[in-house]
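These are my notes from a first look through one structure. I went from one residue to the next and wrote down what I found.

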Amino acid sequence: MTTQENNTPDTTTRSPATARSILKRGAIVAGAATLSIGLMAGLADNFLNTHGAANAQPVQLSGLQQTQLPSFADVVDRVKPAVVSVRVKAKVVASANDEGGPAGIEGLPPGHPLERFLRRFGEEGMGPRGPQQQQPRVQLSQGSGFFISQDGYVVTNNHVVANAAEVQLVTDGGKTLSAKVIGTDPRTDLALLKVNESGNYPFVQLASGKPRIGEWVLAVGNPFGLGGTVTAGIVSAQGRDIGSGPYDDFLQIDAAVNRGNSGGPTFNQKGEVVGVNTAIYSPSGGNVGIAFAIPAATVQSVVEQLKEHGSVARGFIGVQIQPVTAEVADAIGLKDAKGALIAEAQANGPAAKAGLKRGDTIIAVNGEKIADARELSKKIATFAPGAKTSLTIWRDGKEREVSFEVGRQPAA
């Protein structure tokens with residue numbers, strides 16, 4: 001008998017009847033294997049149908065039912081014409097240590113732990129490097145934006161159009177339009193533009209509610225100057241505080257966004273804008289799947305004021321506050337470590353005029369409990385200057401009600 005590797009049977013020295021028997025058994029085994037594969041495929045498909053996949057649609061392929069991810073083509077066809085590329089010529093002053101780009105991350109204090117990872121990605125910084133002295137220079141930057149009205153109002157980021165001397169918008173069809181800055185709000189990094197040329201422009205609407213974590217979203221914008229780029233992902237988290245300001249309340253998404261996407265919209269599957277892309281978390285400066293968008297509710301309130309007044313007026317309480325830790329709560333007799341401890345009440349500020357002082361702890365605004373100092377800042381900012389408001393404070397082991405008139409927050 002001839003020896004063969006891998007235990008392969010040798011049929012050359014066997015009788016024809018024996019060989020036919022072996023081949024028949026092999027055919028039976030092969031048929032069983034084929035049946036097993038088909039059965040497993042059916043079980044797997046049945047599992048997907050039973051447990052569900054996000055908007056999965058069944059399709060027929062070679063007699064087997066499989067699943068297909070949703071198509072975003074119809075949504076893209078509707079919303080893409082409303083998205084524009086933003087080109088800006090800005091006059092900036094180059095400092096002695098300027099190397100042609102921003103020295104730090106806008107809104108973050110020096111040494112902030114996120115500073116080396118967070119990148120504002122609308123500013124391309126394509127202008128020439130300034131000489132080693134302070135003098136004006138022209139910087140070209142790119143970003144994204146989108147029409148929110150038929151008559152040509154466009155939303156983008158403040159940092160995209162900061163110090164703008166000239167603004168141009170490039171539509172999805174390739175038309176270049178000149179625009180002017182109506183107003184900006186550095187605290188939320190939003191800006192409102194208006195096209196100079198009259199016309200009927202395609203526009204999109206802001207969503208009325210927050211998206212749920214896990215919902216599909218589409219980011220459309222102008223990454224690296226490519227224009228008209230669409231990426232898909234999901235909402236990864238809500239209420240993110242990235243340390244850029246007291247009103248941080250970002251959506252976190254994993255749709256790919258990069259430099260130049262700044263100011264562009266994030267859409268839900270209805271074609272509504274759920275957020276405006278503003279920053280990415282990135283050690284390298286490129287997309288790593290973590291991006292931050294300003295929620296539509298914030299965009300709505302800011303844009304309305306920018307359109308009417310050119311700026312945003314926010315309520316102001318006039319105190320320096322700090323968190324209430326468990327140790328602080330225990331020391332002042334609070335049951336829960338919640339609220340905002342007043343470290344200092346500014347002289348002649350609204351709080352000082354109302355009798356608030358160092359050591360008081362604000363635990364509610366108009367009867368609504370507040371969790372921490374950040375929530376207090378956001379809540380007070382929603383009141384119009386001059387509004388009458390009541391605070392519940394904790395002083396000397398007791399709750400007290402204090403009424404005061406909300407002041408106007410100083411300009412950024």
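**Entry 1: Arg395.** I began with Arg395, which is found in strand 21 (residues 388-395). Helices (H or I, at least four residues) and strands (E, at least two) are DSSP runs, numbered from the N terminus. The model is predicted, so local features need pLDDT of at least 70 and side-chain atom pairs count only at pLDDT 80 or more, while totals for chains, interfaces and linings use all residues. Residues are numbered from 1 along each chain as its sequence is written, and side-chain values use heavy atoms, with hydrogens and water left out.

Is Arg395 buried or exposed? Arg395 counts as buried because its relative accessibility is 16%. Buried means under 20% relative accessible area, exposed over 50%, and partly exposed in between (1.4 Å probe, protein chains only). I then looked up what its side chain reaches, and found the backbone oxygen of Gly355 at 3.1 Å. Leaving aside neighbours within four places in sequence, Arg395 is in contact (heavy atoms within 4.5 Å) with Gly355, Leu356, Lys357, Asp360 and Arg400.

**Entry 2: strand 19.** I moved on to strand 19 (residues 361-365), where 5 of 5 residues are buried. Two strands pair if DSSP finds at least two bridges between them. I noted these partners:

- Strand 21 runs antiparallel to strand 19 and is joined to it by 4 bridges; Thr361 has Trp394 as its bridge partner in strand 21.
- Strand 18 (residues 340-345) pairs with strand 19 in the antiparallel sense over 2 bridges; for Ala340, the bridge partner in strand 19 is Ile362.
- Strand 20 (residues 368-369) is antiparallel to strand 19, with 2 bridges; Val365 has Glu368 as its bridge partner in strand 20.

The hairpin of strand 19 and strand 20 has 2 residues between the strands. Asn366 lies in this loop and has a positive phi of about 50° although it is not a glycine. Asn366 has a relative accessible area of 38%, so I list it as partly exposed.

I found another positive phi at Phe224, near 55°, again in a residue other than glycine. Phe224 lies in the loop between strand 10 and strand 11 (229-240). At 48% relative accessibility, Phe224 counts as partly exposed.

**Entry 3: the cores.** A nonpolar core is a set of buried Ala, Val, Leu, Ile, Met, Phe, Trp, Tyr and Cys residues joined through side-chain atoms within 4.5 Å. The largest has 29 residues, and those with the most contacts inside it are Phe146, Val155, Leu190, Val204, Phe267, Val276 and Val299. Which elements each supply at least two residues of this core? I listed helix 2 (73-79), strand 6 (153-156), strand 9 (190-195), strand 10 (216-221), strand 14 (273-281), strand 15 (291-295) and helix 4 (296-309). Helix 4 gives the largest share, 5 residues.

Apart from neighbours within four places in sequence, its contacts include Phe146, Val155, Leu190, Phe292, Ile294 and Val299. A second, separate core has 18 residues, among them Ile317, Ala340, Ala351 and Ala373.

**Entry 4: rings.** I counted 3 aromatic pairs in the structure. Rings of Phe, Tyr and Trp (its six-membered ring) pair if their centres lie within 6.5 Å; planes under 30 degrees apart count as stacked, over 60 as edge-to-face and the rest as tilted. Phe147 and Tyr201 are stacked because their ring centres are 4.9 Å apart and their planes are at 10°. Phe147 is in strand 5 (residues 135-147) and Tyr201 in the loop between strand 9 and strand 10, 54 residues apart. Both Phe147 and Tyr201 are buried.

The C-alpha atoms of Gln150 and Tyr201 are separated by 4.7 Å, though the two are 51 residues apart along the chain. Not counting residues up to four places away in sequence, Gln150 touches Gly199, Asn200, Tyr201 and Phe203.

How values were computed: Polar contact = N/O pair within 3.5 Å; in protein donor to acceptor, adjacent residues only side chain to side chain.
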